[in-house]
Amino acid sequence: MAELKLQHIYKRFGDVTAVGDFNLEVADGEFISFLGPSGCGKTTILRMIAGFEKPTEGIIAIGDEEVSNAGKGYFLAPEKRGIGMVFQSYAVWPHMNVVDNVGYPLKIQNVPKEERHQRVMKMLELVHLEEYGERFPNQLSGGQQQRVALARALVARPSLLLLDEPLSNLDAKLRESMRFEISAIQKELGITVIYVTHDQSEAMTMSDRIVVMSMGKMQQVGRPYDVYTKPVNQMVADFIGLVNFIPATAKGDRVFMQGYEGMSFPNPKRLSGEAVLAVRPENISISKTGGMVEGVMHHRFYMGDSIDCRVKVKEHMIRVIHKGARYDDYHEGDKVYLDFDNVMTFSKNE
């Protein structure tokens, strides 16, 4: 297994800075997800760790060994870094059966045939494909092909496993199943994992820590719970989960909701002037008998376990997640009352 250190990493393509001053330390056996919108730099960082791209500046170390040091002009080739990688496109070879696909890394390492077979079968058992060894990729489902790619990446016992949006080509139900399979395998092997995704659900359910990125920079790094409940800015709050942003004004020790001047919340950041209140839909309770603010049920969507509501409060449209069993209690046009909990505050430009 291995620790990973990235120190002052920059990657420039001409005049464009794809990654700027990126610093991160990953502990041995930790599962880290890089999360952010397309073009934020997460895959570029993964490719630099793998050795497919050279950093313009900075140092990358895996374990005790520097694998890239731009200042010294040192760069270790990808095949010498002791890493495994799984791509979005599976990248399994169509002319090889499952056993040969998984065993190929051992074959090029000249591992003896008997040992190679034993290690391949152990990996296939780990990914629940022990009965599919003689099949070819065109005889497998997308999820099975992705498990073949995972087994092939793990069979050489890498110190570090890199996964680049490996589940994005799968349907929703299979994606959810594969999340738990990958997480279980990682825990069983105790391997260090860097996982790139734009899917917040994947990052939240699988990671020890999440690195949220935007425009080539790290916005926040922390446990899923901390990133969700204590986002450092509006970008993180908006990208992780659902959130209502409500214009407000900060004055003294209170932040006042725009259009509802009698409605205010604590101002722990000591903001001043134009501000924004942020509250997640599940942190808003709805009632017909009374609450902090009055509104009108504008629309509701039945989701089975929940109701996704839109409530008009003066000029604001507020999203509320309510219990699905209460669907028939509310109808479009009903007067309702909302209570807010766990309200976050940001400056207007934060």
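Colleague: Before we start, what do you mean by "buried"?

Modeller: Buried means under 20% relative accessible area, exposed means over 50%, and partly exposed is in between. Keep in mind that this is a predicted model.

Colleague: Where does Asp-334 sit?

Modeller: You'll find Asp-334 in the loop between strand S19 (316-323) and strand S20 (335-340).

Colleague: And what does Asp-334 touch?

Modeller: If you skip its neighbours within four places in sequence, Asp-334 is in contact with Lys-288, Gly-295, Val-296, Met-297 and Asp-329.

Colleague: Let's switch to helix H2. Which of its residues are buried?

Modeller: H2 covers residues 98-108, and the buried ones are Val-98, Val-99, Asn-101, Val-102, Gly-103, Pro-105 and Leu-106.

Colleague: What do those buried residues pack against?

Modeller: Two other helices: H3 (113-126) and H4 (142-155).

Colleague: Which residue caps the N-terminal end of H2?

Modeller: That's Asn-97, with a side-chain oxygen 3.3 Å from the backbone nitrogen of Val-99. Look just after H2 as well, where Asn-110 takes a positive phi of about 60°.

Colleague: Now pockets. How do you go looking for empty space?

Modeller: You roll a probe the size of a water molecule over the atoms, and that shows where empty space is left.

Colleague: How much space lies in the largest pocket?

Modeller: About 630 Å³. The lining has 20 residues, and the closest to the pocket's centre are Glu-79, Ile-83, Gly-84, Met-85 and Pro-105.

Colleague: Which elements give two or more residues to that lining?

Modeller: Strand S7 (83-86), H2 and H4.

Colleague: What's the lining of the largest pocket like by class?

Modeller: It has 14 nonpolar, three polar and three charged residues.

Colleague: And the second largest pocket, what's its volume?

Modeller: About 240 Å³. Its lining is made of Met-96, Val-99, Asp-100, Gly-103, Tyr-104, Lys-107, Lys-113, Arg-116, His-117 and Val-120.

Colleague: Which elements give two or more residues there?

Modeller: H2 and H3. The largest share, five residues, comes from H2.

Colleague: How do the residues of that lining divide by class?

Modeller: Into four nonpolar, two polar and four charged.

Colleague: New topic: rings. How do you describe a pair of aromatic rings?

Modeller: With the distance of the centres and the angle of the planes. The count here comes to six aromatic pairs. In one of them, Phe-22 and Phe-34 have ring centres 5.8 Å apart and planes at 75°, so that pair is edge-to-face.

Colleague: Where are Phe-22 and Phe-34 in the chain?

Modeller: Phe-22 is in strand S2 (residues 16-26) and Phe-34 in strand S3 (residues 31-35), 12 residues apart. Both Phe-22 and Phe-34 are buried.

Colleague: What about Tyr-302 and Tyr-327, why is that pair called tilted?

Modeller: Their ring centres are 5.1 Å apart and their planes are at 55°, so the pair is tilted. Tyr-302 lies in strand S17 (residues 293-302) and Tyr-327 in the loop between S19 and S20, so the pair ties together parts 25 residues apart in sequence. Tyr-327 is partly exposed, with a relative accessible area of 25%.

Colleague: Last one, Lys-348. Where does it lie?

Modeller: Lys-348 lies in the segment after strand S21 (344-347). At 45% relative accessibility, Lys-348 counts as partly exposed.

Colleague: What does Lys-348 touch?

Modeller: Not counting residues up to four places away in sequence, Lys-348 touches Gln-234, Glu-274, Ala-275 and Val-276. With Glu-274 there is a side-chain to side-chain polar contact at 3.3 Å.

How values were computed:
Residues are numbered from 1 along each chain as its sequence is written. This is a predicted model: local features need pLDDT of at least 70, side-chain atom pairs count only at pLDDT 80 or more; totals for chains, interfaces and linings use all residues. Side-chain values use heavy atoms; hydrogens and water are left out. Buried means under 20% relative accessible area, exposed over 50%, partly exposed in between (1.4 Å probe, protein chains only). Helices (H or I, at least four residues) and strands (E, at least two) are DSSP runs, numbered from the N terminus. Contact means heavy atoms within 4.5 Å. A polar contact is a pair of N or O atoms within 3.5 Å; within protein, one must be able to donate a hydrogen and the other to accept it, and residues adjacent in sequence count only if both atoms are side-chain atoms. On a 1 Å grid over the protein atoms alone, a cavity is a set of points where a 1.4 Å probe fits but cannot get out, and a pocket is an open set with protein on both sides within 12 Å along at least five of seven lines; lining residues have an atom within 4 Å of a point. Grid points are joined across faces, edges and corners, and a volume is the space filled by probe spheres set on the points. Ala, Val, Leu, Ile, Met, Phe, Trp, Tyr, Cys and Pro count as nonpolar, Asp, Glu, Lys and Arg as charged, and the others, Gly among them, as polar. Rings of Phe, Tyr and Trp (its six-membered ring) pair if their centres lie within 6.5 Å; planes under 30 degrees apart count as stacked, over 60 as edge-to-face and the rest as tilted.
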